[in-house]
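Take a look at the structure below.

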Amino acid sequence: YIKELAGNLHLAISRLARMRAPVIAAVNGTAAGAGFSMVCATDLAIAAESAKFTMAYTGAGLSPDGSSSYFLPRIIGQRRTFELMLTNRVLNSELALEWGLVNQVVPLDELMPAAEKLAGQLATGPTNAYGIVKKLLMNSAHDSLESQMEHETRGIADCARTADGQEGIAAFLEKRRPSFTGN
């Protein structure tokens with residue numbers, strides 16, 4: 001049962017991580033175990049002031065899953081990851097912000113409006129470029145400098161051929177705000 005459950009969770013996280021659209025987490029309450037792992041797998045995270053974070057796995061005699069052993073050391077470093085995974089330390093939202101686990105902390109009643117505002121901002125932006133950013137960052141952990149720069153070259157050239165890329169360049173040259181269409 002656990003193997004099947006973890007497999008389904010991992011399939012979902014893989015799809016979220018590799019999809020072109022940015023994924024935003026809005027954390028309210030306690031993100032523990034797989035919930036914490038899901039936050040790590042998102043591109044941006046906003047937490048309520050009351051939010052708490054804990055790995056919790058080893059406290060139940062289990063090893064981590066849900067991609068946390070992949071994403072968490074990349075976000076906060078190896079030593080802090082070891083600490084969280086071995087001790088099940090509970091982090092409050094301010095420490096999560098300080099460590100880079102979340103991008104923003106807001107009062108609980110502002111959590112969903114803040115997440116929706118960010119989502120709206122991203123939805124009206126250069127969505128093709130966002131997809132390439134996600135792909136570049138996902139691949140950067142295992143590519144060499146030269147390979148990564150080649151991916152960057154292809155990505156920026158692909159973006160420059162899109163309507164949004166052309167609009168962005170024109171707006172920059174004309175010193176005005178771009179108007180993106182997602183194309």
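Which residues in α7 meet which residues in α8? Asn128, Ala129, Ile132, Leu136 and Asn139 in α7 meet Gln148, His151, Glu152, Gly155, Asp158 and Cys159 in α8. To meet here is to have heavy atoms within 4.5 Å. The residues of this contact divide into 4 nonpolar, 5 polar and 2 charged. This is a predicted model, where local features need pLDDT of at least 70, side-chain atom pairs count only at pLDDT 80 or more, and totals for chains, interfaces and linings use all residues. Residues are numbered from 1 along each chain as its sequence is written, and side-chain values use heavy atoms, leaving out hydrogens and water.

Now the geometry. Helix α7 spans residues 127-139 and helix α8 residues 145-160. Their axes lie 10 Å apart, at an angle of about 175 degrees. The two helices are therefore roughly antiparallel (an angle over 145 degrees).

Next come α2 (residues 34-41) and α3 (residues 68-76). Their axes come within 9 Å and cross at roughly 60 degrees. Phe36, Ser37, Cys40 and Ala41 in α2 meet Ser68, Phe71, Leu72 and Ile75 in α3. This contact divides into 6 nonpolar residues, 2 polar and no charged.

Last, Glu167. This residue sits in helix α9 (residues 163-173). Why does Glu167 count as buried? Because its relative accessibility is 18%, and buried means under 20% relative accessible area with a 1.4 Å probe, protein chains only. Glu167 touches Arg176, Arg177, Pro178 and Ser179, not counting residues up to four places away in sequence.

Notes:
Helices (H or I, at least four residues) and strands (E, at least two) are DSSP runs, numbered from the N terminus. Buried means under 20% relative accessible area, exposed over 50%, partly exposed in between (1.4 Å probe, protein chains only). Axes are lines fitted to C-alpha atoms, for helices over the stretch in contact, and angles run from 0 to 180 degrees between N-to-C directions. Ala, Val, Leu, Ile, Met, Phe, Trp, Tyr, Cys and Pro count as nonpolar, Asp, Glu, Lys and Arg as charged, and the others, Gly among them, as polar. Angles under 35 degrees count as roughly parallel, over 145 as roughly antiparallel, 65 to 115 as roughly perpendicular and the rest as oblique.
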